[in-house]
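Q: Hey, I'm new to this one. Can you walk me through it?

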Amino acid sequence: MHIDRKICYDVSEDKILEPFSKVQLVLARGIMAGWKRPVFFNFDTTMTKHPLYEIIKKIEEKGLTTVETIVSDLAGSRTLWKELEITSKNNLFMLPLNCRKIWVFVDPPHYLKLFRNHFLDTGLVLKDGTVLTKNIFEKVFKKIEENTNCASS
């Protein structure tokens, strides 16, 4: 997550913190329970599989939950997904600690935002070769506006 790049003073530690530009935050949450808890954060760092394995190990050792899935955005996860060999055809990895499957999901709101941006920037090509661009929305909005104007006249 991008953060405001300013120098900060940490009162509890009595020290000045560097002007970081990103923060890596990991939340643990119960799928069927209404709780979530921050379990890790670090500045200007990229998540890789070894810290992820340690985070999962500590979550389970503390008895918070058994980790079954992870959810991440697509922007900052390239390194992690590459290391875990996550692809469009493979969305799980084996946890080396106990050879258990962990499922990987994309954060849905982030995925929709990236899909929207891609559509607006480059359009979409359907299986039959039809190309959809943002012009289709402009035409639809124009029709809606024409129909609205006709109805109010």
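A: One term to start: buried means under 20% relative accessible area, exposed means over 50%, and partly exposed is in between, using a 1.4 Å probe and protein chains only. This is a predicted model, where local features need pLDDT of at least 70, side-chain atom pairs count only at pLDDT 80 or more, and totals for chains, interfaces and linings use all residues. Residues are numbered from 1 along each chain as its sequence is written, and side-chain values use heavy atoms, with hydrogens and water left out.

Q: Okay, which residues of α1 are buried?

A: L52, Y53, I55, I56 and I59. They sit on the same side of α1, because they cover an arc of only 160° around the axis, taken from the directions from the helix axis to the C-beta atoms. H50, K58 and E61, on the other side of α1, are exposed.

Q: How do you decide what counts as a helix or strand?

A: They're DSSP runs numbered from the N terminus: helices are H or I with at least four residues, strands are E with at least two.

Q: And what do the buried residues of α1 pack against?

A: β3 (23-29), β4 (36-43), β5, α2 (78-84) and β6. Contact here means heavy atoms within 4.5 Å.

Q: What comes after α1?

A: G63 follows α1, and its phi is positive, near 80°.

Q: Which residues touch the most other members in the largest nonpolar core?

A: L52, I70, L80, L84 and F93, out of 18 residues in that core. The largest share, five residues, comes from α1. A nonpolar core is a set of buried Ala, Val, Leu, Ile, Met, Phe, Trp, Tyr and Cys residues joined through side-chain atoms within 4.5 Å.

Q: What does I70 touch?

A: Leaving out residues up to four places away in sequence, I70 touches L52, L80, F93, I102, W103, V104 and F105.

Q: Switching to strands: which way do β5 and β7 pair, parallel or antiparallel?

A: Parallel: β5 (residues 69-72) and β7 (residues 100-106) pair over four bridges. V71 stands opposite F105 in β7. Two strands pair if DSSP finds at least two bridges between them.

Q: And how does β6 run against β7?

A: Antiparallel, with four bridges joining β6 (residues 92-95) to β7. M94 has K101 as its bridge partner in β7. β6 and β7 form a hairpin with four residues between them, and C99 in the turn has a positive phi of about 55°.

Q: Last one: what domains are there?

A: Domain 1 (8-107) and domain 2 (111-151), with bounds from an automatic or database domain assignment. Their C-alpha centres lie 36 Å apart.
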